[in-house]
Amino acid sequence: MKIEEKYIETYEKMELLIGSRIKNNAFTALGYTSNLDVLCDFQIEIFNQLLNRYLPNADLVKMKAAKEITSMEEFLETIVFYCRHGIGGEVDISDFHIIRDTFAIKEGMGGTATQGAMALAAVGCPSIVHLTDDSKEVCDILNSPYIYTVSKEGVMVHTDQIQQTAEQEIHYIIQFKKGDIICLNRRKITIPTSNRLIITKITVNEMLPFSASYFSYIEAHAADIKSNVLSSFNAIQDKDILEQRLAYVKEHIKKYKANNKNGIIYFEDAHYHNKEVRQLCLETLYPYIDILSLNEEELEYTLNMYDFPIVTDDIFSCIRGASYIKERYSVKKGVIVHTKNYSMYLGKTLNADIEKGLMLGNLLATAKAVNGWYGTKEQIGEVIKLPLSEKGIRYRELILNEHFTCEVILVPSKYIDKPKYTIGLGDSFVAGVQMCLE
């Protein structure tokens with residue numbers, strides 16, 4: 001069967017798959033952080049006006065990203081740096097008042113776990129989510145018949161039944177678009193790739209407070225929890241706190257696996273503020289996880305830590321890199337790499353249909369990119385009509401003609417050149433993959 005036909009079949013059977021999960025009381029557990037995203041309506045004309053007002057004599061090419069934004073000038077220079085290179089990332093800010101009233105905004109959901117839950121809820125698939133920021137604004141956005149969390153009393157509830165216990169955390173999201181032109185004086189720069197910059201002022205998630213009742217519930221009901229997603233350790237700066245959280249999660253994994261040996265521990269990587277934190281997290285948790293998932297930037301960054309450079313436009317280089325990480329850290333089953341052109345699984349043969357999972361991940365991610373919000377079944381039906389990435393098709397053909405020491409499955413993405421948003425695409429992808437882990 002051709003890949004296009006497989007996509008159509010996967011979409012047509014998605015409702016049956018979700019119905020089966022509901023009938024069998026099958027859930028995905030999604031951890032660990034939540035926050036309020038402030039989605040910026042980034043208009044290039046307004047941005048150019050701000051540049052000319054605050055940095056009239058500056059050179060666009062010499063602008064660099066601040067480690068922490070403390071002024072309007074640093075805010076603007078940081079955006080230019082990320083736009084010029086077409087890369088995504090996160091930068092801290094000392095005070096959000098610095099950039100207040102620069103662009104029009106609307107509220108959204110932040111955090112891998114909660115964005116994943118929203119993506120699943122949009123297609124009617126239930127999940128259980130761990131909250132850190134449990135503010136009214138966050139709980140209102142998450143309020144859905146398909147999204148559950150665990151109360152302090154250890155009961156599975158919807159988020160409208162949660163009372164706030166933690167400080168709110170805000171992330172300011174700047175989505176820049178391929179082809180927009182930054183102008184200052186006579187210098188012009190065309191943005192090469194659509195991407196996003198996240199401006200953060202970490203509050204609650206720097207401590208990553210754990211809900212003991214959530215972990216106890218997942219452990220006690222492990223038979224119903226088909227996959228257990230771990231993420232969002234990247235906000236922690238304090239090494240002692242990180243070590244405590246990692247030790248706690250290691251014990252949680254053991255208890256979960258004791259009650260469901262076939263349950264999948266799924267780790268989604270992220271942009272880390274601190275290299276030491278990243279390395280400690282990798283070395284402590286990777287040997288305990290079944291599937292490691294990361295994008296191509298995270299793959300490249302991780303491998304550079306160990307002097308193992310790759311060329312991200314060379315699929316065989318990426319395969320060697322993913323294989324190196326799997327073997328170095330003894331990842332139990334395999335590694336998933338997800339990009340705008342393809343998604344790929346490398347590792348042991350799974351009981352699940354991982355090719356279908358990759359397709360579902362691609363569909364949910366592309367629906368979010370096209371619509372700027374979590375895709376419904378009907379919107380995903382429109383995504384099916386989009387062409388496959390030509391680069392992804394070429395990579396798939398190359399791989400089909402090769403023999404590897406482990407299973408390598410690559411699925412081209414449904415491709416759009418100028419997404420409305422790139423924020424949360426990886427989280428939506430992760431959510432889609434979980435549907436195949438029954």
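Helix H15 (residues 425-434) is mostly covered, with nine of its ten residues buried. Here buried means under 20% relative accessible area, exposed means over 50%, and partly exposed lies in between (1.4 Å probe, protein chains only). The buried residues of H15 are Leu425, Asp427, Ser428, Phe429, Val430, Ala431, Gly432, Val433 and Gln434. Helices (H or I, at least four residues) and strands (E, at least two) are DSSP runs, numbered from the N terminus. The model is predicted, so local features need pLDDT of at least 70 and side-chain atom pairs count only at pLDDT 80 or more, while totals for chains, interfaces and linings use all residues. Residues are numbered from 1 along each chain as its sequence is written, and side-chain values use heavy atoms, with hydrogens and water left out.

Contact means heavy atoms within 4.5 Å. Thr112 itself sits in helix H5 (residues 112-122) and counts as buried, at 14% relative accessibility.

Turning to the whole chain, the secondary structure comes to 15 helices and 18 strands. The C-alpha trace spans about 65 × 55 × 45 Å along its principal axes. Of the 438 residues, 56% count as buried. Among contacts with a separation of 6 or more, 76% come from residues 24 or more positions apart. The chain exposes about 18500 Å², of which carbon and sulfur atoms supply 48%; the areas come from the Shrake-Rupley method with a 1.4 Å probe, and for residues only the protein chains shown count as cover.

Rings of Phe, Tyr and Trp (its six-membered ring) pair if their centres lie within 6.5 Å; planes under 30 degrees apart count as stacked, over 60 as edge-to-face and the rest as tilted. By this rule the count comes to 20 aromatic pairs. Tyr32 and Phe210 form a tilted pair, 5.2 Å centre to centre and with 55° between the planes. This pair links distant parts of the chain, 178 residues apart: Tyr32 is in the loop between strand S1 (27-30) and strand S2 (35-40), and Phe210 is in the loop between strand S12 (195-200) and helix H7 (212-220). Tyr32 counts as buried, at 0% relative accessibility. Ring pairs link both residues into a cluster that also includes Tyr214, Phe215, Phe233, Tyr248, Phe267, Tyr286, Tyr306 and Tyr329.

The backbone has a few details worth a look. Most residues other than glycine have a negative phi, and most peptide bonds are trans. A cis peptide bond joins Gly31 and Tyr32, with omega of about 10°. Asp307, not a glycine, has a positive phi of about 50°; Asp307 is found in the loop between helix H10 (296-304) and helix H11 (315-329) and is exposed, with a relative accessible area of 70%. Ser330, also not a glycine, has a positive phi of about 55°. Ser330 lies in the loop between H11 and strand S16 (334-338) and is partly exposed, at 46% relative accessible area.
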